[in-house]
Amino acid sequence: MLHFKSQELSTSLERLRQGDESARLEILQSAKDRLLRLTSKMLKDFPSVHRWEDTDDVFQNACLRLHRSLAAVTFPTVADFFRFASSLIRRELVDLSRHYQGPLGHGAHQAKHGSRTDSFTSDRLNPGTDTHDPQQIIVWTEFHEAIELLSDDERQVFDLLWYQELTQPEAAEILNVSERTIQRRWQLARIRLQELLAES
């Protein structure tokens with residue numbers, strides 16, 4: 001069983017595609033619980049932001065972006081909607097991270113300096129939530145930005161499994177593909193991320 005109101009959301013997305021602007025608020029309401037959990041999970045990867053902003057603050061800002069976008073963008077499927085929503089939350093967090101870690105930001109004067117990590121390893125795919133090391137904050141900002149450079153198929157699977165914490169069978173159901181296909185795309189996405197991060 002999927003953990004969001006899939007049918008209700010699908011109906012609202014269809015109404016929006018048909019020009020019913022009132023569906024925008026219904027879409028956000030149907031997706032609220034899942035997007036809140038998604039925001040909370042993603043915020044843990046940004047300790048410099050988490051120090052100054054809570055989940056509700058980030059969620060509200062991301063929802064404003066999403067509400068504006070829904071005036072111009074429609075989504076064929078629920079999976080497309082959540083993929084787009086997660087990208088907006090990611091952008092909001094990256095922007096906030098840059099704000100707080102910039103030369104005039106609060107975090108620039110509060111961060112604890114630690115050792116520099118020189119290369120990306122698989123350990124970097126397991127976020128730490130208690131570091132204020134500026135280099136590690138840069139690392140995680142680069143990580144989330146690199147996700148945007150994955151292919152559509154790879155990014156879609158990464159969003160569902162990593163950010164939305166769906167199981168592989170659930171992701172396969174949403175995307176209407178086999179579990180083996182999900183496993184293959186998941187592996188390719190992680191390999192590609194390692195390559196992108198090694199180049200940065």
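1. The secondary structure of this protein consists of nine helices and zero strands, where helices (H or I, at least four residues) and strands (E, at least two) are DSSP runs, numbered from the N terminus. Read from the N terminus, the order is α-α-α-α-α-α-α-α-α.

2. A word on the model: it is predicted, so local features need pLDDT of at least 70 and side-chain atom pairs count only at pLDDT 80 or more, while totals for chains, interfaces and linings use all residues. Residues are numbered from 1 along each chain as its sequence is written, and side-chain values use heavy atoms, with hydrogens and water left out.

3. Of the 200 residues in the protein, 46% are buried; buried means under 20% relative accessible area, exposed over 50%, and partly exposed in between (1.4 Å probe, protein chains only). Among contacts with a separation of 6 or more, 62% are between residues 24 or more positions apart, a contact being heavy atoms within 4.5 Å.

4. Start with helix α1, residues 6–17. Its 12 residues should span 16 Å at 1.5 Å a residue, and this agrees with its end C-alpha atoms, which are 16 Å apart. (The expected span is 1.5 Å times one less than the number of residues.) After α1 comes G19, with a positive phi near 100°.

5. Which residues of α1 are buried? They are L9, S12, L13 and L16. These residues lie on the same side of α1, because they cover an arc of only 100° around the axis; the arc is that of the directions from the helix axis to the C-beta atoms. Their cover includes α2 (23–43) and α5 (78–101).

6. Now look at α7. Among the buried ones are R155, Q156, D159 and Y163. Just after α7, E165 has a positive phi of about 55°.

7. Finally, follow α7 (residues 152–163) to its partner α9 (residues 179–199): they pack at an angle of about 100°, with axes 8 Å apart. That makes α7 roughly perpendicular to α9. Axes are lines fitted to C-alpha atoms, for helices over the stretch in contact, and angles run from 0 to 180 degrees between N-to-C directions; under 35 degrees counts as roughly parallel, over 145 as roughly antiparallel, 65 to 115 as roughly perpendicular and the rest as oblique.

8. Who meets whom there? From α7 the contact includes V157, F158 and W162, and from α9 it includes W186, L188 and R192. The contact residues divide into nine nonpolar, no polar and four charged. (Ala, Val, Leu, Ile, Met, Phe, Trp, Tyr, Cys and Pro count as nonpolar, Asp, Glu, Lys and Arg as charged, and the others, Gly among them, as polar.)
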